[in-house]
Amino acid sequence: MKILDLTFKRKVNCSASVCLWNHWDHDHINYTHEGIYDNSQIYYEDDRSILFFHSIKVPFLPFIKVNTIDLTVLKDKNTVCTYGFQFGIPSLTTAKYIDIGKDKCSVEVNYKFKFSGIKILLYPVIKYLVPKWNNQTWEEDLPLKMRRQKVKRLGFKDFKGLPEKTKDRKFQGDIEFKLPITRLKKNDNKLTKHPFYNLGKKGNYI
Ligand SMILES: [Fe+2]
């Protein structure tokens, strides 16, 4: 048995709530990260968890797809955990977003993969791929976070827009992150629901 343990630390000029919103904005993955995510299907979700099937493209080899079942949970108000099974290898991704000043936060993402048996041979492949995936998603997400931070400070409200009067376009309070966040309408939504989606549960989000 062998564990791969990789941590990436960064600082970014937006609040932790904006990073959390971006992490939990599942709609964007098929647009912003269309070079990575090929197919995403939701099996179950509630106010703080989501069970996904993802088909992910391998960097530089997009014709190779990695299928994974991912369970993402909001562990506490700063931490998002994802349990996955890339190549059938169990993984745990832990993202921590901590405010370190006004409109500034630290982002720490830790990846753990547990290799056993013949799959230990994939250790160097995963070790090579994880920084590529991490860097690509970070770069692709950054403009979204910057834009949201900017418009939230102008008083932007989701699916409502900016205040009508220019003089009202300022907001200095705390930027909130509350689940569930509003999703795109079904017609614009590339996320699909499995026939088992939230089976027996009322109040589906989509
Ligand atoms: Fe993203």
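Visitor: Leaving aside its neighbours within four places in sequence, with which residues is arginine 153 in contact?

Guide: This is a predicted model, in which local features need pLDDT of at least 70 and side-chain atom pairs count only at pLDDT 80 or more, while totals for chains, interfaces and linings use all residues. Residues are numbered from 1 along each chain as its sequence is written, and side-chain values use heavy atoms, with hydrogens and water left out. Arginine 153 is placed in the loop between H3 and strand E8 (192-193), where helices (H or I, at least four residues) and strands (E, at least two) are DSSP runs numbered from the N terminus. With contact defined as heavy atoms within 4.5 Å, and neighbours within four places in sequence left aside, the partners of arginine 153 are Lys102, Asp103, Arg169, Lys170, Phe171, Gln172, Gly173 and Ile175.

Visitor: Does arginine 153 count as buried or exposed?

Guide: Buried means under 20% relative accessible area, exposed over 50%, and partly exposed in between (1.4 Å probe, protein chains only). Because its relative accessibility is 14%, arginine 153 counts as buried.

Visitor: Does phenylalanine 159 count as buried or exposed?

Guide: Phenylalanine 159 lies in the loop between H3 and E8, and its phi is near 60°, a positive value in a residue other than glycine. Most residues other than glycine have a negative phi. Since its relative accessibility is 54%, phenylalanine 159 counts as exposed.

Visitor: Which peptide bond is cis, with omega near -5°?

Guide: Most peptide bonds are trans. Proline 180 lies in the loop between H3 and E8. The cis bond, with omega near -5°, runs from leucine 179 to proline 180.

Visitor: Which residues coordinate the iron ion?

Guide: Donors are N, O and S atoms within 2.8 Å of the metal (3.2 Å for Na, K and Ca), and water is not among the atoms, so sites may look incomplete. The donors follow the spacing H-x4-H-x107-D along the chain, and both histidine 28 and histidine 33 are buried. At 2.1 to 2.4 Å, the iron ion is coordinated by His28 (NE2), His33 (NE2), Asp141 (OD) and Asp141 (OD).

Visitor: How many residues line the largest cavity?

Guide: The structure holds two cavities of 30 Å³ or more, and about 810 Å³ of space lies in the largest cavity. The elements giving two or more residues to its lining are H1, E3, E4, strand E5 (79-86), E6, E7 and H3, and H3 supplies the largest share, seven residues. His23, Tyr37, Thr93, Tyr111 and Thr137 lie nearest the centre, within a lining whose residues number 34.

Visitor: Which residues touch the most other members of the largest nonpolar core?

Guide: A nonpolar core is a set of buried Ala, Val, Leu, Ile, Met, Phe, Trp, Tyr and Cys residues joined through side-chain atoms within 4.5 Å. Beyond four places in sequence, phenylalanine 113 is in contact with Lys2, Ile3, Leu4, Gln86, Ile89, Pro90, Ser91, Ile126 and Val130. Among the 43 residues of the largest core, those touching the most other members are Tyr97, Val107, Phe113 and Phe177.

Visitor: Which elements each supply at least two residues of this core?

Guide: H1 has eight of its nine residues buried, so it is largely enclosed by the rest of the structure. The elements that each supply at least two core residues are strand E1 (2-12), helix H1 (16-24), strand E2 (37-45), strand E3 (49-58), strand E4 (61-76), strand E6 (89-101), strand E7 (104-115) and helix H3 (123-152).

Methods. On a 1 Å grid over the protein atoms alone, a cavity is a set of points where a 1.4 Å probe fits but cannot get out, and a pocket is an open set with protein on both sides within 12 Å along at least five of seven lines; lining residues have an atom within 4 Å of a point. Grid points are joined across faces, edges and corners, and a volume is the space filled by probe spheres set on the points.
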